[in-house]
Structures are given as C-alpha cells and as structure tokens.
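Let me put the structure up here and then jot down what I looked up.

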Amino acid sequence: MYSLISEHSFDAAHFLKGYEGKCSNIHGHRWRVVVEIQGDALKKDSHTRGMLIDFDELKETIKKEVDYFDHCLIIEKNSLKENTYNALKDEGFRIVELDFRSTAENFSKYFYDRISEKGYQVKCVSVYETPNDCAVYGE
C-alpha cells in the first residue's frame, strides 16, 4: 500500500459556545490540515507514471478546501444572538457558519469527507489547532 501526505493551513477565529473554559471566548488558530491518501497501484502511463497521484493535483485539492476557511470567523449555526451576528455582518466580517461545533475532531472528519468526495482514497486527516495538539479521523 502506498501513501502520500500533504498539508495546508489556514488562519481563522472561532469559539466554543457552552464550553467551560477559555475556548468559550473568540480566539484564533493557525489550523494545520494534514491529509494522507493511499492506494495499491501506481500509475503506469503518461507523465504521472510511477506516481500514486500527482502531488500538485493533491495539493491543489487540499488548498481549495482549506482556503475557504482562511481569515474568517467560524461559528456553529445559531451560536450567536441574531443581533450580534447581524452587527458583525454589517461591519463586513466574513463569517462561516457550520452545522457542527468547530472542534479539531469535527474538522478532521469534515476534511476527510470533503477530500474523499473528490475521489481520493483517504487514509486519515489530522487537524492541528496548535503545533502540538491535533485530532485525527480515518480508517
């Protein structure tokens, strides 16, 4: 079995509503997303001969998914009062609403699913919210 690992990062703010601790306040991370794909066979022809997948193609796929979250405020739907949400939008802040709580665990599954939907055989996705702490979702 062959594996390729590629990563990309984004900077974004979030908070965890209802959390008992400092993460209930708006704070930011440099989120690091590490994707490992796998496969049994290497390509046999064309310019990608001897490759599982062209790294440029994999990097571009990951970058598109990850860059969507760059420099925004990530919120779980209905986690802000309507007037707070509207005030932030009126100020021009970019807010990305999710159907899930923005934990590293949930993001690892989110990116696993998104990259898998693109046709890759994903082994696992690790999401770091600090240089030393990550959550992993995979087989």
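Predicted model: local features only at pLDDT ≥ 70, side-chain atom pairs only at ≥ 80, totals over all residues.

**Entry 1: a histidine to start with**

I began with His29, whose place is in strand E2; helices (H or I, at least four residues) and strands (E, at least two) are DSSP runs, numbered from the N terminus. His29 is buried, at a relative accessible area of 12%. For that term I used under 20% relative accessible area for buried, over 50% for exposed and partly exposed in between, with a 1.4 Å probe and protein chains only. Leaving aside neighbours within four places in sequence, I found His29 in contact (heavy atoms within 4.5 Å) with Phe10, Asp11, Ala12, His14 and Glu129.

Residues are numbered from 1 along each chain as its sequence is written, and side-chain values use heavy atoms, with hydrogens and water left out.

**Entry 2: the "binding site" annotation**

I checked UniProt next, and its unreviewed entry puts "binding site" on His14, His27 and His29. Although these are spread over 16 residues of sequence, they cluster in space, with a largest C-alpha distance of 8.3 Å. UniProt positions are given in the numbering used here, feature names are shortened, and annotations may be inferred rather than shown by experiment.

His27 is also found in strand E2. Setting aside residues within four places in sequence, I see His27 in contact with Ala12, Ala13, His14 and Phe15.

**Entry 3: the "active site" annotation**

Which residues does UniProt list for "active site"? The unreviewed entry gives Cys23, His71 and Glu129.

I located Cys23 in the loop between strand E1 (2-14) and strand E2 (27-39). Cys23 counts as partly exposed because its relative accessibility is 23%. Apart from neighbours within four places in sequence, Cys23 is in contact with Phe15 and Leu16.

Glu129 lies in strand E5 (residues 122-130). Its relative accessible area is 23%, so Glu129 is partly exposed. Not counting residues up to four places away in sequence, Glu129 touches His29, Arg30, Trp31 and Ala104. I noted that His29 carries the "binding site" annotation.

**Entry 4: another residue of E5**

Buried or exposed: what is Ser126? Ser126, found in strand E5, is buried, because its relative accessible area is 12%. With neighbours within four places in sequence left aside, Ser126 is in contact with Arg32, Val33, Val34, Cys134, Ala135 and Val136.

**Entry 5: the sheet**

I then traced the strands: six of them form an open sheet in the order E4-E3-E1-E2-E5-E6, and the pairing is mixed. Two strands pair if DSSP finds at least two bridges between them. Strand E4 (95-98) and strand E6 (133-138) stand at the edges, each with a single partner strand, so one side of each has no neighbour in the sheet. From one strand to the next, the twist averages 35 degrees; axes are lines fitted to C-alpha atoms, for helices over the stretch in contact, and angles run from 0 to 180 degrees between N-to-C directions.

At the E4 end, I found four bridges joining strand E3 (residues 73-76) to E4, and the two run parallel. Leu73 stands opposite Ile95 in E4.

**Entry 6: helices on the sheet**

Helix H2 (residues 82-90) lies across E3 and E4, running at about 145 degrees to E4. Helix H3 (residues 104-117) lies across E1, E2, E3, E4, E5 and E6, at about 145 degrees to E5.
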